[in-house]
Structures are given as C-alpha cells and as structure tokens.
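I am opening a notebook on a structure that is new to me, and I will write down each thing in the order in which I looked it up.

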Amino acid sequence: MDNVKTYQICEGVNFNSIRETRFKTGRISITMFLPLANETASQSAILPFLLTRSCGKYPDFTSLNKQLNDLYGASLDADTDRVGEAQTLSISASFLDDRYALYGETISAEVTDLLCEVLFYPRLIDGVFAEDDLEQEKRQLAELIDSEYSDKKLYAKLRCEQVMCKDEKYSINPLGEKKEVLALSPQKVKEAWERALKLARIEIIALGDLDPEPILACLKKAFSLIEREKPCDCSTEIIKIAEKAKEVTEYQDIAQTKLVLGFRSSIAGVDKNFFSSRVMASLFGGTPHSKLFLNVREKLSLCYYCSAFYERQKGIMFVQSGVEKQNIVKAKHEILNQLEQIKKGNFTDEEISATKLNISNNYISINDSLASLDTFYTSQSFDSKKYSPSEYAAEIEKITREQIIAAANATSLDTVYYLTSK
Amino acid sequence: MQLMEIKSNRLNDSYFYGKHNSGLKVYVYPKKDNSSTYAIFGTKFGSINTKFKDAKTGETLTVPDGIAHFLEHKLFESEDGDAFKKYAKTGASANAYTSFDITGYLFSCTKNFEESLKILLNFVQTPYFTEKSIEKEQGIIGQEIRMYDDSPNWRVLVNLLSALYQKHPIRVDVAGTVESIAKITPKNLYDCYENFYNLNNMTLCIAGNIEKEKVIEILEGTIKTTPPVEPESIFPEEPYEILKDRVEQNFDISVPMFQLGFKEKAEKTRPSLHKIVETEILLEIFASKASHLYRELLDKSLINSSFGSEYFEGPAYASVIFSGESQCADKVAEIIRKAADELHQNGIAEEDFKRAKKAVWARYVCTLNSVSSISKTILGLSFANWDFFTALDLIAESKLEDVENRLKEQLDSKNSALSVVSPLASCE
C-alpha cells in the first residue's frame, strides 16, 4: 500500500491519493457508506443520481452537461450499490488529463470544483430538493429497479440472495423498493442528504496524475461546514453455517432455466482465511480450467456457463448456470459432486497452481485500470489492514492444498433457486 | 521482419507496425509501466461471411449461419488438447469473441507473456475439426443461443437489423440458430478456415509491458507461412430502403426497450475513417446528454440514463442506432425522427460543434488507457487499413462544414426502423 497516501479530513472521512502518471485520465470518487435498512434504503439510494443531475451553479441538466462536455466530455457518474451490508452511495468524476487538452485548459481543477459543488451545494428550492429534479430521478430509479427483472441471469441471482438471506439486511435491495422510491418527498430526500453528510463513513479516492493538495483543500473547506457526528455502524452479519438447504422454484416465460446455488462459506470479512476461500471458489468454478467448466460444460455439454463466485464481505458463495429444463437435476447433482471432490482433496497440484496463477494475474491487472483500482480500494474501506493488488496476489500464492480442502469443508449449501418456465 | 515506429505528435505516444512475409499485420504498442500485457490475434471473418468464392477451386460456397462463431469455439481444441489447459500453465486469462465481421482470440497476462503468445499463435494456426467434437459443441453453443434468446438487450438489436436490412447477412444472429449449427460439418469448417484464417487476412495486436524485439523473435519461430489468400466474400445487393419500419417482440420484462435505426447508403467496404469520425461528432451534437434532444426526451419522461447512440457500420452496411428503455418507444421514435428533420433544416451551431469535438477527442484518447481497448480498436481499424493516430488527427482537425456535409448523407427519417421489446400482455 506504499502508493496510497491517506489523509483524514475529519472523523470517518478519509481522502486517499493514488498518484500514477501513466494514465491519460484522472478519476476522483466519493463513496458514502450507510447501514442497509428498509426504512432508509430508498431515500438514500436516490441521492447519487439526484445530486449529479444539477447543482446550484448549473441548475439544470443541460447546463451541467454542457459544462461537462466543454471539460472534454468529463463524466459525472452516480452509483448506488453495497459492500457487505453497507449501502454505498458514490459519485465519481472521470476526466482527461490536463496534458491532453487541445487548447491548454486545466480540466482537473474545474472537475474537482464541480464534484464539490454537486455534493455540497445542490439545487434547492425553499430549502428542499427541487420537485422537478426529484420527480425525474424517482422515475428513472424506479425503471432501474425494474430493469433488474429484465436480465434473467442477474434476476435469478438476486432472488437467490433474497431467499437465502431473508432475515438479514443483505436481502435489502440497495437501490430501494420501487413503491417507496415513487413516494419520496423533497423534504425526506433533503433529510437523507443531510444525514449522509453528517453520519456516513466517507471514503474519497483521487487517482491519476493529480496533485492531492488542491483537492484536499477543496474537500476540507466543504467538510468544515458540516457538523459531523460519530459515523454510523456499517457492520455485516455473518451466518457461518446453513441449517438445512432450501429449494425454491419460480416461474417466468423464459427459454432457458437459470440455476443458482447459494452457499455459506463460514469465512468472511477480515478473517485472513478468506484468501483460501477465494482460491477454493476459483478452483471450483472461476476459470475455464475449473471443475465446473471442465465437467458441467465440457464433459457433460449441459450449459454454456457454470461459474462460482465468492463474496468475501458476506462470507457466501454462489454458483450460477443456465441449462435446459430437463437437465436441472443432472446439473445440480454434478455441481454438488464437484464440490465434494474438492472436499475430499481430489484435485491435482497443477490445478492449484493454475488457479493461483489466474487469480494473481487478475489481481495484478487491477493496477492498469483507474476504475478497478477505485473499486478494489473502496471495498477495503472497513478493513484494518489494506492490501495492494500485488500484496493480495502474494497472499494467494501462500495458500496450501490443506487450506483449500478446509475452505471447501467449511462450506455448506443454503439455498437452491430455479427460475424456469411452466 | 521489421516493425516501424508510428508516432503521434499530439499525444507524444507511439507504437510499432509491420507486415510479415505471410501477409500478417503486426502491431506492438509498448506501455512500459503497465502491469499487464494483452494480445489479440484476429481475422476479418464474422457472422456475415457465409457466402464466398473458394480460393482453391474458385467455386462459390455457402456455409451454415453461425459458422464463424462455431469455428471460434472449435479452434480452441487441437489433437494434443484444449488451449485453455495450456494457458492454465501460464496464468493468462484467455478468451475469444465473434462479431458480425471479426473473430478475435485474446489473452491478458502479468507474467509468462512469451509462453502465452506461443500458445495463442500455435492454436489459432492449428485447426482440428472432427465429427465427434462438433457434436459436443452443438450442446454448448445450443445453450449459448438459448441464453441470448432470453436476452431482450440482444434480441432488440437482432430484430432491428432484420427490419433495416432486406438481404444483407447482417440480418442474421451472430451465433445462428440451433437448426443452422446442426448442419455444420468438418468440411464447412475447413473451407472457412482455409479462406479466412490465411495470415494475409489476419492481424496480431499486442499492447502492454513488452519489447518489440521479443515479439519478432517469437513470430519468426511460430508463423507458418502459406501462400497468401485474398478471401472474397459475396454480399447480396442491398437496396437503400429498409424492409419494414417497425418490429416488436414480447418478453417477460417490466421496462420496454427500443432501438431506432437510420439506415444509410452503404459502399462495398466500410465507410471511410473521415466519415466515421464525423458521424461520431454528429451524434455527440445530436444526442448526447448536452443535446436539446436528450433534454426534450427527458422532460417528457420518455428515456432514462440507458439512452445512447452508436454508429453501427461494417462491410456493406452502415446505420445510426439510438437505443434505450422507454415506457413509450413509439413516441421516442417520433421525437428523434422530427429532431433529425429539424437538424437537416436548421444546421449545426458552431458552439455545439466545438463542445462535441472536445468530447469525442477525449473519448479516443481515453482508449489508450487500457491495453484491451488499444488492441481491440487497432485490430478493427487494421482490417480497413486505418491507423489510430490518424483518427485522432482527423478529430482534432475536423471542421463544422465536414460534419454538416456528413449530415446530408445521414439520419434520413424516412429510411428508419423501430424495434421494440415489450412486456407480456399478462404482466401489465
């Protein structure tokens, strides 16, 4: 983590500078973490979208976007997601490095100002968000929630999470609920904005060839006007072992059956063993030479995709596949059989080294993308020890056969979800 | 072989280019501080090349729809095993893709680059197609096709192309159908391979932490030189007019999606680089978030942030496509068509042009951040004998008059078609 310089702006608000000269763009992102909760998810979810739509200085969508276009098509992106059971509200700006401006403009300083403008000085009318802006963003957020239904692979995964984590905060959609989104009032959203600035854990990252000083100064000035309180608790509940596997089938008019298996991995968060769970999941179904790819796809020709993914923050693992309806049982049986094989240690040293090489390749490649670096570091916001991509790869290298077997044996099947046609 | 330096004075960046005796075009874009290196080995062969004159016999051959994609899958297998297994030893992340006009085989790695490049060059040059392995693949690709059948995002495009085009094979889905791929034989695959995988029809692009000398050394040891072949695809004469102006399919979804395409007169080859760049500036002026059109559609609650536009072009086809989600796609189409007519009438404002030019310039420069974007972009340009830095210069030097002239040949509202995917009636 030598290349990351961290400055504390105030309690719970950190500014991180990662200086790299080899990119042709810069990126500054602001991520606010709040606990996922049914009562507040919708009102918080809309904030990044609403704030990047206009601001006091550029009070309508077109004037703001003309300004961005003039700054060489700089983009102001909004996103609402989650890390574990924390809802993440993020606003990020990506822009051309000053060196490449055709007429010598300084893009980075203007973009920094703009980013502070949208977060701290939104367009308010009579002290609350403007009704017309809010109505537009409510409709668009509702459509975004609806669009999750259109992507059947994604939808099946979301439904499996919801069934599996029914009584946990993890089942709350970070984008909120459509009905509640549509009912939001300008007053409610204004309160959510104030609450986020006051209580959220906030992580700011500047990446690229950017001098941290002026950015830090701009942020310090803005935060000095906020009465910050002790940041709220964003911890994630970990359920280590599944009690009894549930099976749920839902129906839609679709061509291919989507199959999702949810497992409890018992290893999560800052538990250092998570490196072994990552290797185990990848050996199981993370590469084109994994157990699932070679057996469910190549040997049995049952599917086009069959992959496993480990979510460290929550300590869960998912397997996803798309198969013909009549092959559901066969596919599920083979997926579970392959996990059994790993539990029994039926894998070669070549499989271990190939898996580790692949993971380490993927981690080291993160260095080459500003957006990936941003996500990588943001996801470690709550960790006491932060790793760089290369340090991460080095930890992966240390994992042994025994640790992989142990990680597999610590894994228990929680939920099997099918999305199929009638 | 020799690679010569191509420089951009505007960016102070450079890459190397050379042509091997075999006809293979080679591009090396060094990025010294990068952690990863990316290589792509591609051929100018995609789903539209289903009819061609066989170089050996001179006979006209017609092959089943979806064969380019099928061949891509099958090339990974050879007599001594699967290419993925070989990559497993080097740690490279490997993949391949087939589009309407290109097939590309690629990998990215952070170590063992030389070994991985040898694997790539060897397996793509070693076809091995048998009845048995074809049969196995039909099950896998069958599921890939079924997966796309459930994708409204993909179907809305395929449906649009089948409405815009009357005869051109761009009308046909890249992967073909379960029925068409069932007809594929080893001979079909070898016929395609011999015509389109001749090195004279191929490009190798490498970007990342590498030296050009190393690449040349590996090439000299792995390239199998065969007499050059100039593959000759046969495309039917495509009329200017669209086939039909509206097409709709129902899906189990909740937000309807649309694509609105404006077909233009296409040459036998791709539009010129000038035309492509000018069209991109034009679309930035006409439909970006800073445009009047975007604002009007937003104010009427007709679009959301998924709205976008692209210039969809290739050999003998070219269209401008607008896409997005909307509760009322027909209304969106009406407004875009009207705005296009007004643009033709009123022309373009100088300040709009200036802003758009800067945004398009930045977008091209940003391509150079990522080794995968560099390689894929250069590959696409190479098949039309274009150079990336020339594209940048064309943007920097573009003038309002050029874009206005370009507009005259585009956005003909009378030659446009709308494709909609709508929720099932029972879901309403």
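Entry on one helix. I began with helix α9 of chain B, residues 273–287, and asked whether its length fits its residue count: at 1.5 Å a residue its 15 residues should span 21 Å, and because the end C-alpha atoms are 21 Å apart, the two values agree. I keep in mind throughout that this is a predicted model.

I then looked up how well α9(B) is covered, and found that 12 of its 15 residues are buried, so I note the helix as mostly covered. Among the buried residues I listed the charged ones B:Lys275, B:Glu278, B:Glu280 and B:Glu284, and I also wrote down B:Val277, B:Ile281, B:Leu282, B:Leu283, B:Ile285 and B:Phe286, which belong to the buried set of α9(B) as well.

Entry on the domains of chain B. The domain assignment of chain B gives domain 1 as 4–233 and domain 2 as 246–427, and I found their C-alpha centres to lie 27 Å apart. Where these domains meet, 39 residues of domain 1 of chain B are in contact with 34 residues of domain 2 of chain B. On the domain 1 side, I noted that β1 (4–8), β3 (25–30), β4 (37–43), β10, α5 (152–164) and β11 (202–208) of chain B each supply at least two residues, and that the largest share, 9 residues, comes from α5(B). Sorting the residues of that side of domain 1 of chain B by kind, I get 20 nonpolar, 12 polar and 7 charged.

Entry on chain A as a whole. A compact globule with 422 residues would have a radius of gyration near 22 Å, and chain A has 23 Å, which agrees. Along the principal axes, the C-alpha atoms of chain A fill a box of roughly 60 × 45 × 45 Å. I also looked up burial, and 54% of the 422 residues of chain A count as buried. Of the contacts in chain A with a separation of 6 or more, 81% are between residues 24 or more positions apart.

Entry on the domains of chain A. Here the domain assignment gives domain 1 as 4–223 and domain 2 as 246–420, with 30 Å between the centres of the two domains of chain A, taken over C-alpha atoms. I found 27 residues of domain 1 of chain A in contact with 24 residues of domain 2 of chain A. Which elements supply at least two residues each to the domain 1 side of chain A? They are β2 (13–19), β3 (25–35), α6 (152–164) and β8 (201–208) of chain A, and α6(A) gives the most, with 10 residues. The residues of this side of domain 1 of chain A divide into 13 nonpolar, 6 polar and 8 charged.

Entry on the contact between the chains. Last, I looked up where the chains meet, and the contact takes 53 residues from chain B and 48 residues from chain A. On the side of chain B that touches chain A, α2 (83–90), β10 (103–109), α4 (131–149), α10 (292–299) and α12 (350–367) of chain B each supply at least two residues, and α12(B) provides the largest share, 9 residues. I recorded the residues of that side of chain B as 22 nonpolar, 16 polar and 15 charged.

How values were computed
Residues numbered from 1 in each chain as written. Chains lettered and ligands numbered in written order. Predicted model: local features only at pLDDT ≥ 70, side-chain atom pairs only at ≥ 80, totals over all residues. Contact = placed C-beta atoms within 7 Å. Helix = DSSP H or I, 4+ residues; strand = E, 2+ residues; numbered from the N terminus. Rg over C-alpha atoms; globule rule 2.2 N^0.38 Å. Buried ≥ 20, exposed ≤ 12 C-beta atoms within 10 Å, placed from the backbone. Domains from an automatic or database assignment. Expected span 1.5 Å × (residues − 1).
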